Amino acid sequence: MDLRKKVMYTISTGLLAGTLSLAPMGASSVAEAGGWDIVGSILGTVSQATAESEAVRYEILRWSNSPKNQQSTLDSSISKNGIDTDVEHNERVSRVLNQLIDRGNYAMEPNSLPFRWRVINSDEWNAGCYPTDYIEVNSALVKDLTSDDALAGVLAHEMIHGLHQHMANDAAQQVLYQYGAGLLTMNADYIQATLSNYLTNYVTIKNTSNISEADADESGFYLLASAGFNPGGFPIETCRMAQMDKSNRGILTEIFTGVYDHPASQKRFNQAEQRMEEYGYNHVKVKNGNEVYIDGQYLMTATEGNGLEDWENAYLIAGGISKGIHDYHSAYAWNFGSKDFLNDRAYDTLRDALSNAELAAKFQTMLENAYSLDVTDKEHRNTKVKLKQAEKERNDKIAAHKAEVMAPENAGAYRAHCDSYLDMELNKLAFKEAEKALTADPNSYIQNGNMARAYSALNDDYKEKHDSFNDEYSRKAIEFNEKALNIANSNSINDTYWLYTNMALYQQQAGNYTLSNEAALTAIAMQPDKEKNYRRIGYNSLKLGDREGAIKYYKMCLAHGGNLSSVPEEIVAEVQANSTTIDDIISDNE
């Protein structure tokens, strides 16, 4: 079996479950070599390892860059446990993910698909992102994370797995480690070889998946914050995850004091807490689980409320303060006492806490002092400069990557996604990809025409629900198609049959039957052997009250392979009688 077949077999049998297992390669061929033969074997093995590692990555990315395979992973996910039918669960996940997708600062790869998701009926506290950018969220997790900001922490983490293509990269890295194990076993006895295999398994987990998890935590935090969520949501999410390690609510004290006996979970919680603090330039901190401090001074002790425990509210209060300090350049910009004071949902818990007038006055004074420290205190000033510079570098890197992936040469990839989604009648997803293709290549007649197709598809969806077409969708389809025709005609491009054919459809959807006929006749002059434009003119003629014209063009439609079932019942008998011949059609057009 060649490498490609091995990879595809592995994908089909194991990757849908989120795992990839590749047997060590290359070890037996070099185990008994010696002298210069060993050097040659090492060089050859390194070369082969690099080639096969990249081949594994390529095949996984190629497989996952398919809307049909995305649908298959979604279907497979649902078939295991079924859909969670709780409306609230589904609304929350959709609301949070849409906010992350629409408002978050990130860049997708040209071979990435738009995210899709389902809430799965499972008691396991878990979520996952498949390499096809399908996100599976278990109902137990949604039920437990009652804060949208904490839920956003999980979903931002999963989005990063997809955006950074972790599974493909990790699988490729595993190949290199497994080749490395083969080199270690040269001239070794069975025990040494066995030990090497155990070490390989450990190193694979330690240096691939754990690195990806750390990246998903770090980049996920900044994605969450950039999308407008409360930065305190991430510490809540990681703490809840640590609790699930033991399924014991009594371990909170251990987590907060740093003596928790699961190092990975403890580390992830500590890092999330630190990032929340740094987001507000290290002015705010949660101590003892439920106490909020600003610059080392006690502000308040959080209590239970709004379905959240006291420590969860503490992190949302602290996260709200961090967000405000990050987003507002001065205490004055907070708009204390006005109707605009903390009017964003991310500040809900903080705003509720500050409904106490005495606490609000205390907080305002502490906040003013915090902003003053950023100017007068050298350590605070340097810290803020350093953190703002790090943020600028992160954002510049994302902006540069966005420019790369939205280059004109990638427009074709987005259009291919659009075509696949249109074939699957997933028209909203097709529209998203058409928008990306147009953004990448705005002066292309192909991408403008494709955008018109996407609007028309949305119009079809609208008609199914409302029994009429949407005027705005019709207008946009015509507008983009006209732009495509202008670009093509001004550049003497002859590939315009499809544009005129589509224009006939768009004008028909808009109720402009005469204009639809004009476009259809132009298309017929270019390709007289296609039946759809004759059918369209027949339909339009009937709408315009031209029964004779309708009969004529429906006959021509049938003569070119059209189906009798498309002919309106009121004229079907007349269309069937004395059907037009091919010679008649040619004569009529000449």
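Student: Which residues of α15 are buried?

Tutor: They are His380, Lys384, Leu387, Glu391 and Val405. Buried here means under 20% relative accessible area, exposed is over 50%, and partly exposed lies in between, with a 1.4 Å probe and protein chains only. Before we go on: this is a predicted model, where local features need pLDDT of at least 70 and side-chain atom pairs count only at pLDDT 80 or more, while totals for chains, interfaces and linings use all residues. Residues are numbered from 1 along each chain as its sequence is written, and side-chain values use heavy atoms, with hydrogens and water left out.

Student: What makes α15 a helix, and how does its span compare with the expected 40 Å?

Tutor: Helices are DSSP runs of H or I with at least four residues, strands are runs of E with at least two, and both are numbered from the N terminus. Helix α15 covers residues 378-405, which is 28 residues. The expected span is 1.5 Å times one less than the number of residues. From first C-alpha to last, α15 reaches 41 Å, close to the 40 Å expected.

Student: What is found at the start of α15?

Tutor: A side-chain oxygen of Asp377 comes within 3.1 Å of the backbone nitrogen of Glu379. A polar contact is a pair of N or O atoms within 3.5 Å; within protein, one must be able to donate a hydrogen and the other to accept it, and residues adjacent in sequence count only if both atoms are side-chain atoms.

Student: Why is Asn481 called buried?

Tutor: Its relative accessible area is 0%, so Asn481 is buried. This residue lies in helix α19 (residues 471-490), and a polar atom of its side chain is 2.8 Å from the backbone oxygen of Leu499.

Student: Which residues is Asn481 in contact with, leaving aside neighbours within four places in sequence?

Tutor: Contact means heavy atoms within 4.5 Å. On that basis the partners of Asn481 are Gly449, Ala452, Leu499, Asn502, Met503 and Tyr506.

Student: What makes α20 mostly covered?

Tutor: Of its 13 residues, 12 are buried, including Leu499, Asn502, Met503 and Tyr506. The buried residues of α20 pack against α18 (445-466), α19, α21 (513-526) and α22 (532-543). As for its length, 13 residues should span 18 Å, and the end C-alpha atoms are 19 Å apart, which agrees.

Student: What makes both faces of β3 covered?

Tutor: In a regular strand the side chains alternate between the two faces of the sheet. Tyr134, Glu136 and Asn138 on one side of β3 are buried, as are Ile135 and Val137 on the other.

Student: How many disulfides are there?

Tutor: A disulfide is a pair of cysteine sulfur atoms within 2.5 Å, and by this rule the count is zero. As for individual cysteines, Cys129 has 14% relative accessibility and so counts as buried; Cys239, at 0%, also counts as buried.
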